[in-house]
Amino acid sequence: MTQMGAQGFSRRALLGGAGAGLAVGAIGGAVGGRAAASPGPAAAPGTGAAAVPFHGPRQAGIVEPAQARVHLAAFDLAPAAGREQLRTLLRIWSATAARLTRGEPADGHENQIALDAGPCSLTVTFGFGATLFDKAGLADRRPEALAPLPAFPGDALDPARGDGDLWLQIGADDALVAFHALRVLQRQAAGLAVPRWQMAGFGRTPGATARPTTGRNLMGQVDGTNNPKPDDPDFAAKVFATGPAWLAGGSYAVVRRIRMLLDDWENQPTDRQERVIGRRKSDGAPLSGGPGAGETTPVDLAATGPDGTLAIAPDAHVRVAAPASNGGAAMLRRGFSYQDGLLADGSPDAGLLFVAFQADPARGFVPVQRRLARGDGLSRFLRHEASGLYAVPPGAPEGGYVGQQLLEG
Ligand SMILES: C=CC1=C(C)c2cc3[nH]c(cc4nc(cc5[nH]c(cc1n2)c(C)c5CCC(=O)O)C(CCC(=O)O)=C4C)c(C)c3C=C
Ligand SMILES: [Fe+2]
């Protein structure tokens with residue numbers, strides 16, 4: 001899984017595609033509950049000028065379409081740091097994220113990497129890992145839902161590349177803008193938090209396709225079609241947490257680094273690849289839909305072919321992952337592809353930085369992954385290599401900082 005569905009649900013999508021992001025910044029109105037940010041003076045028309053406001057009831061980087069570039073990073077509190085240092089850090093980080101998402105230079109540790117670029121839809125999303133709470137003297141405020149994820153069959157997790165006290169998701173439609181934000185935020189953490197791991201990912205660049213379509217992953221599949229949509233009546237119930245009070249309106253992010261065994265996968269004929277997923281590769285249409293089906297044709301898990309067998313195989317990924325197969329469990333998937341060169345055996349170190357937001361991991365990722373790990377035909381071509389679970393607080397109002405309700409509530 002990776003991107004948002006073809007319908008999209010950003011301010012950009014509402015305004016008619018990637019280029020319309022310009023209008024969001026330029027009109028300066030309120031869109032989706034956030035006051036739109038003004039792009040900095042350097043903003044180029046189109047992708048460069050698109051600005052996603054940092055302040056608002058929800059953090060940015062959850063419902064917006066995945067950008068072309070991402071950095072995922074985790075930090076641990078510095079050995080001598082506690083609650084006060086955490087507060088200082090979150091204030092600095094929030095103020096910086098607000099400036100950078102407006103296309104303005106940072107107030108400290110500015111390094112000029114993005115000086116001549118607009119905001120490029122930059123979003124910075126903050127999350128808190130379970131280990132943060134003891135270190136910051138907040139053990140009594142740790143949500144039960146932040147308990148460590150269970151081990152799943154087939155997991156081959158590297159602890160050095162997972163978990164962490166603090167998590168950042170930095171997305172932008174320009175590589176320099178994204179890296180600038182990462183560097184500045186990392187340098188501003190000096191003495192307060194130390195980097196634990198970092199991963200870089202990518203997705204489709206706005207304008208790369210003639211029609212706005214759901215993105216593809218590195219296996220070549222259209223990925224993100226059956227994500228919950230903000231217009232769905234139960235969208236908020238699936239994606240946003242209702243408690244504890246400091247987290248209400250926030251979410252939980254599950255992050256998994258999933259390597260794809262691309263040499264094996266690419267040796268499979270296309271019809272075999274399609275049966276593994278349950279959708280056509282060319283356009284993402286479900287195999288239950290017949291030749292006239294398209295990407296958004298509803299999946300019919302009961303449909304049979306002329307020979308009486310199920311059109312979507314018993315171990316097809318979309319069958320095993322579907323809410324209908326998992327007691328209604330659902331999540332908003334917002335992943336990115338990654339590639340880090342070659343492994344020692346010459347195979348590509350490439351795959352999916354799976355990111356999924358949900359109201360409660362016990363009603364989202366956990367039951368689905370339990371089932372996938374046992375019965376998904378796709379899992380033969382995947383390796384889960386790193387994992388993290390983070391509480392993602394609600395957004396910060398103008399003048400406030402992310403996590404304020406936790407630290408001062
Ligand atoms: C535990 C949750 C999931 C993991 C891990 C996961 C990994 C993964 N998925 C793909 C490719 C596709 N996934 C698709 C659909 C889909 N995947 C999940 C969950 C996980 N995927 C869900 C809940 C769904 C939706 C099922 C439904 O309701 O129909 C699809 C089909 C298109 C789509 O709907 O997005 C593809 C393709 C890969 C490559 C991967 C690990 C690398
Ligand atoms: Fe999937």
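Let me begin with a definition: I call a residue near a molecule or strand if its C-beta atom, placed from the backbone, lies within 6 Å of it. What you see is a predicted model, in which local features need pLDDT of at least 70 and side-chain atom pairs count only at pLDDT 80 or more, while totals for chains, interfaces and linings use all residues. Residues are numbered from 1 along each chain as its sequence is written, and chains are lettered from A and ligands numbered from 1 in the order in which they are written.

Around ligand 1 there are 27 residues, of which Q221, T225, N226, A321 and L352 come nearest. Two or more residues of this shell are given by each of β7 (251-260), α9 (317-321), β10 (348-358) and α10 (365-375), and α10 supplies the largest share, 4 residues. Helices here are DSSP runs of H or I with at least four residues, strands are runs of E with at least two, and both are numbered from the N terminus.

Turning to the chain, it holds 11 helices and 11 strands, and 51% of its 409 residues are buried, meaning that 20 or more other C-beta atoms, placed from the backbone, lie within 10 Å of the residue's own.

Finally, consider V52, in the loop between β2 (34-35) and β3 (69-77). Why does V52 count as buried? Because 30 other C-beta atoms lie within 10 Å. Beyond its neighbours within four places in sequence, V52 is in contact (C-beta atoms, placed from the backbone, within 7 Å) with A60, E64, T101, S121, L122 and T123.

How values were computed. Buried ≥ 20, exposed ≤ 12 C-beta atoms within 10 Å, placed from the backbone. Contact = placed C-beta atoms within 7 Å.
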